[in-house]
Amino acid sequence: MKKLNNIKIAGVSLPLYIGLVIVLAITIAMGKLPLNMVGITFMLVVLGHLFYYIGEKLPVWNTYLGGGSVFTLLAGAILAAVGLVPKSVITATSSFMSDWGFLDFYIAALICGSILGMNRKLLVKASAKFIPVALISMVIGFFATGAVGALLGQGFGHSVMYISFAQMAGGMGAGIVPLSKIYAANLHTSSATILSQLAPATTLGNIFAIIGAIVLARGFAKTKYNGNGVLIPVNKEDLEKPKVTLDATKIGVGLMLAFMLFLVGVILNAFVPKVHSYAFMIIIVFILKALDAVPKPLEECVVMFNQVIMTNLTHAVLAGIGLAMIDLSSLAKAMTWQFVLISLTSVVSMGLASWFIGKLLGMYPVETAIGAGMINNSMGGTGNIAVLSAADRMEMIAFAQMANRLGGAIILILGGLLINMFS
């Protein structure tokens with residue numbers, strides 16, 4: 001018993017954790033899991049930590065197949081696919097993640113904390129190079145995907161509009177959902193029909209981006225191309241972060257400041273709907289940091305809040321993505337070898353392009369290939385978390401969101417202009 005107590009999952013002894021899982025399983029089996037913040041949060045946190053722990057301990061998987069992050073995503077998706085978790089719980093989880101704002105909660109903490117906790121000089125210098133790398137990589141990905149699609153007999157137009165654009169649109173809610181409506185309006189058809197054609201590419205692109213990020217992070221770990229989450233070479237002193245002692249009151253202050261900045265983004269989005277509220281929040285926080293406008297004690301509060309949320313909720317978010325946002329059945333139906341190859345082309349071409357362009361601009365190629373290239377094939381905010389978590393580079397979340405949102409907005413505009421030409 002003493003040995004079992006020494007095994008800890010997220011700080012909880014194994015016997016107690018087994019007790020948590022049993023309570024969860026009984027509640028779900030009885031159909032009594034509260035489909036609200038309490039029930040869904042408990043389920044995602046318990047399953048997320050458990051799946052992550054297993055993935056990190058499994059031989060081979062923990063080294064070559066993505067470890068805890070990928071295992072958590074896959075285990076969640078399998079639970080949903082085989083029906084071990086009831087449909088009502090899956091539906092509630094989907095609403096909790098998106099409609100109820102769980103992702104907004106997580107991403108607001110992540111973006112504000114990662115930007116305000118970053119070295120100011122590093123942030124300004126890296127951003128000036130990062131955005132051009134991301135945008136050029138998207139252009140290269142567009143033509144490469146179309147060319148491979150044409151060679152495989154799928155057509156240049158179909159490949160770019162239904163695979164390349166689906167992967168680069170910036171996810172589901174802010175990406176392929178509005179894109180499907182834009183296509184439908186131009187083609188005079190149902191947006192639901194279009195969405196069913198776009199969704200498999202979005203999901204598969206995200207999976208390939210995760211695998212690619214893992215391959216680069218592990219394969220080049222001990223090389224000069226690896227920046228360990230930092231985009232450009234800097235002095236070690238610039239990377240040193242002051243040790244922060246967690247304080248309950250200061251964490252609350254950080255929460256208020258982070259959510260206030262998110263709401264400012266929401267207000268600006270109401271005036272300019274085509275620019276996502278996340279994008280506005282990133283711009284605002286970036287400007288505040290660049291101008292050194294936030295007092296250091298307040299910065300510390302936001303960083304503390306960020307640390308608490310990342311430590312306790314990252315695995316829960318991954319479990320939620322797997323349960324509610326990765327549809328294995330629709331993915332399986334679309335799985336022709338041509339579709340897989342065209343989808344892979346988008347991820348590989350953008351990864352290679354950003355690797356070489358980043359290197360040319362004096363950036364770390366591993367970071368640019370992951371954060372400016374492959375990650376732009378992800379499912380928006382959730383996909384960014386999955387990719388960066390798998391590659392152990394969560395400190396790059398602000399840059400990834402920046403490229404994702406800017407790129408996604410451009411794709412929506414181009415989608416409306418090009419759909420009639422390529423349909």
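Guide: Please note that this is a predicted model.

Visitor: Which residue does lysine 296 form a salt bridge with?
Guide: Its partner is glutamate 299, and the closest N and O atoms of the pair are 3.7 Å apart.

Visitor: How are glutamate 299 and lysine 296 placed in helix α15?
Guide: They are three residues apart in that helix, so about one helical turn separates them.

Visitor: And glutamate 299 itself, buried or exposed?
Guide: Glutamate 299 is buried, with a relative accessible area of 6%.

Visitor: Which residues are linked in the network of salt bridges?
Guide: The network consists of Lys289, Asp292, Lys296 and Glu299.

Visitor: How many salt bridges does the structure hold?
Guide: There are four. One of them is formed by arginine 393 and glutamate 367, with the closest N and O atoms 2.6 Å apart.

Visitor: Where do arginine 393 and glutamate 367 lie?
Guide: Arginine 393 is in the loop between α19 and α20 (397-422), whereas glutamate 367 is in helix α18; the pair therefore ties together parts that are 26 residues apart in sequence.

Visitor: Are those two residues buried or exposed?
Guide: Arginine 393 and glutamate 367 are both buried.

Visitor: Why can such side chains pair at all?
Guide: Side chains that carry opposite charge can do so when their charged atoms come close.

Visitor: Changing topic, where is asparagine 377 found?
Guide: Asparagine 377 sits in the loop between α18 (365-373) and α19 (380-390).

Visitor: Is asparagine 377 buried or exposed?
Guide: Asparagine 377 is buried, and its relative accessible area is 0%.

Visitor: Which side chain is joined to that of asparagine 377 by a polar contact?
Guide: The side chain of glutamine 167, through a polar contact of 2.9 Å.

Visitor: What else does asparagine 377 touch?
Guide: Setting aside residues up to four places away in sequence, asparagine 377 touches Gln167, Met168, Thr202, Gly205, Asn206, Ser346, Val347 and Met350.

Key
Residues numbered from 1 in each chain as written. Predicted model: local features only at pLDDT ≥ 70, side-chain atom pairs only at ≥ 80, totals over all residues. Heavy atoms only, no water. Helix = DSSP H or I, 4+ residues; strand = E, 2+ residues; numbered from the N terminus. Buried < 20%, exposed > 50% of the residue type's maximum accessible area, 1.4 Å probe, protein only. Polar contact = N/O pair within 3.5 Å; in protein donor to acceptor, adjacent residues only side chain to side chain. Contact = heavy atoms within 4.5 Å. Salt bridge = Lys/Arg side-chain N within 4 Å of Asp/Glu carboxyl O.
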